[in-house]
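Subject: Structure for your files

Hello,

Here is the structure I said I would pass on. My notes on it follow below.

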Amino acid sequence: MTMPGGRQSRSPDSLAGFPEEILLEILVRLPAKSVLRCRAVCRLWRRLTTDPDFLVAHHRHQPALPLISSIGGTDDNQYYSLEAIHLQKAERQPVLWPRRCRFGASCDGLVIIGDYICNPTTRQWAPLGPRKVYFDHVIGLYRHQPSGEYRVLLWRQSNVASIEYCPNDYCVHTVGSKKPRCITCSIELVDEELRIALSGMALDIRGMPVHLHGNLLVHWKKRWNVRYHKILVFNTVAESFRQMRPPAVNPQHAMQLFDMGGKLAASCSKFSFIDMRIFALQDYENEVWSFQYRVKLPEMEIRKFQEQGDWLAKIVSEEGDLLVICFGWLLHYDRKGNLLAKFKYDDDLPVVTPYRLKESLIQHTFFQKKWNNPPSPFMPC
């Protein structure tokens, strides 16, 4: 018998007396494609690898890979593409075949593409809801722990202008349900400059959220004429909002949120992204931030890839790995400024999302539901 990867092994009969506990410890660490192949080996292996507890443990053991979205094709025939980057292997792994649907969010191995939810590992897809519901302003996808449901947080500009309270409306949509539910956000805008500048306009929250400890944390980005950094916190269990204080940084500098090994972290820099300071939230209740370290990128080396203009850099790991976007290139640096890998893109500015993809073989009921909608506009890999 040939095991995944081409290695020879003993026949299934010779493994009959092999302890199941040790066999499970091996199988749970294999990539999803290898697990699917192992199901064809014998009935024992199929029983072990289809058990719900095994599927949860297998998902937990998979690496969390940064997701990169990009646009390819010509001006007249553009398409969207989504890839995962395996930093240790320096490999690009396509997540979806390019189609005309934009990436929206990701959680637990599931991704939102346009108005659809998909599991790229199992090649299953389903509409988020009826066709009459639009999902243009997705903030995040999350699992509601009490019910086990997967829900989508959406936003839209409020019809009621206000300079005192948050001028956005928010909705929660349960995957597979008929319509979203409105969620009240009564956060008071205490910043006088923000009140005057917005004058009823919606806050710019295009930044994708960080999902930590049952909360979606969204950076309220400043508009071009507003110096403003705040963090919107959405409690996914209580379905309530509050506002969090960011680290004390220059409001004119760029700030990005990310997950640092289970802690909320923020990278702050001028728009050139040459020198980045990293802060971590040490005390969640009292909102106490502390400085962690500084990253200085080698400007002259990056100029070999982009002669003029600024580039974008994002922290993508607890160890301080950075992905730098510069005119058709994605560069992988460590926190000491060493170039580890480079990837060429057709897109001038591919987007490094704050999401991670962990392969999942877990089954979901919304994929088995029959819909009257037409076939999906994309094909999983």
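Two strands count as paired if DSSP finds at least two bridges between them. Strand E21 (residues 322-326) and strand E22 (residues 329-333) are paired in the antiparallel sense, over five bridges. Within that pair, Leu323 stands opposite His332 of E22. Please keep in mind that this is a predicted model.

Overall content

The protein has six helices and 24 strands. Of its 381 residues, 49% are buried. Among contacts with a separation of 6 or more, 49% are between residues 24 or more positions apart.

The sheet with E21 and E22

E21 and E22 belong to an open sheet of four strands, in the order E20-E21-E22-E23, with antiparallel pairing. Strand E20 (312-315) and strand E23 (339-344) each have a single partner strand, so one side of each is left without a neighbour in the sheet. On average, neighbouring strands here are turned by 20° against each other, direction ignored.

The sheet from E8 to E11

Another open sheet has four strands in the order E8-E9-E10-E11, and its pairing is antiparallel. At the edges are strand E8 (138-144) and strand E11 (181-183), each of which pairs on one side only. From one strand to the next, the twist averages 30°. E8 pairs with strand E9 (residues 149-157) in the antiparallel sense, over six bridges. Gly140 has Leu153 in E9 as its bridge partner.

The E14-E15 hairpin

Strand E14 (residues 230-235) and strand E15 (residues 240-244) run antiparallel and are joined by five bridges. Ile231 stands opposite Met244 in E15. The two strands form a hairpin, with four residues between them. In the turn, Glu239 has a positive phi of about 55°.

H1 and H3 pack at an angle of about 65°, and their axes are 11 Å apart. Their crossing is right-handed. On the H1 side the contact is made by Glu20, Leu23, Leu24 and Leu27, and on the H3 side by Leu44, Trp45, Arg47, Leu48 and Thr49. These residues divide into six nonpolar, one polar and two charged. As a general point, an α-helix has 3.6 residues a turn, so residues three or four places apart point the same way.

Helix H4 (residues 52-61) has Phe54, Leu55, Ala57, His58 and His59 as its buried residues. What covers them includes helix H1 (20-27), helix H2 (32-38) and helix H3 (43-50). The N-terminal end of H4 is capped by Asp51, which has a side-chain oxygen 2.9 Å from the backbone nitrogen of Asp53.

Two positive phi values in loops

Ala90 is not a glycine, but has a positive phi of about 55°. Ala90 lies in the loop between strand E2 (78-86) and strand E3 (91-99). With a relative accessible area of 37%, Ala90 is partly exposed.

Glu287 also has a positive phi, near 55°, in a residue other than glycine. Its place is in the loop between strand E18 (275-283) and strand E19 (288-296). Is Glu287 buried or exposed? The cut-off for buried is under 20% relative accessible area. Glu287 has a relative accessibility of 14%, so Glu287 counts as buried.

Ser267

Ser267 is in strand E17 (residues 263-269). Its relative accessible area is 2%, so Ser267 is buried. Which residues is Ser267 in contact with, leaving aside its neighbours within four places in sequence? They are Ala254, Met255, Gln256, Phe258, Met276, Arg277, Ile278 and Ile315. Of the elements named above, E18 spans 275-283, and E20 spans 312-315.

Regards

Key
Residues numbered from 1 in each chain as written. Predicted model: local features only at pLDDT ≥ 70, side-chain atom pairs only at ≥ 80, totals over all residues. Heavy atoms only, no water. Axes fitted to C-alpha atoms, helices over the stretch in contact; angles between N-to-C directions. Buried < 20%, exposed > 50% of the residue type's maximum accessible area, 1.4 Å probe, protein only. Contact = heavy atoms within 4.5 Å. Polar contact = N/O pair within 3.5 Å; in protein donor to acceptor, adjacent residues only side chain to side chain. Left-handed = near helix turned anticlockwise from the far one by under 90°. Nonpolar A, V, L, I, M, F, W, Y, C, P; charged D, E, K, R; others polar.
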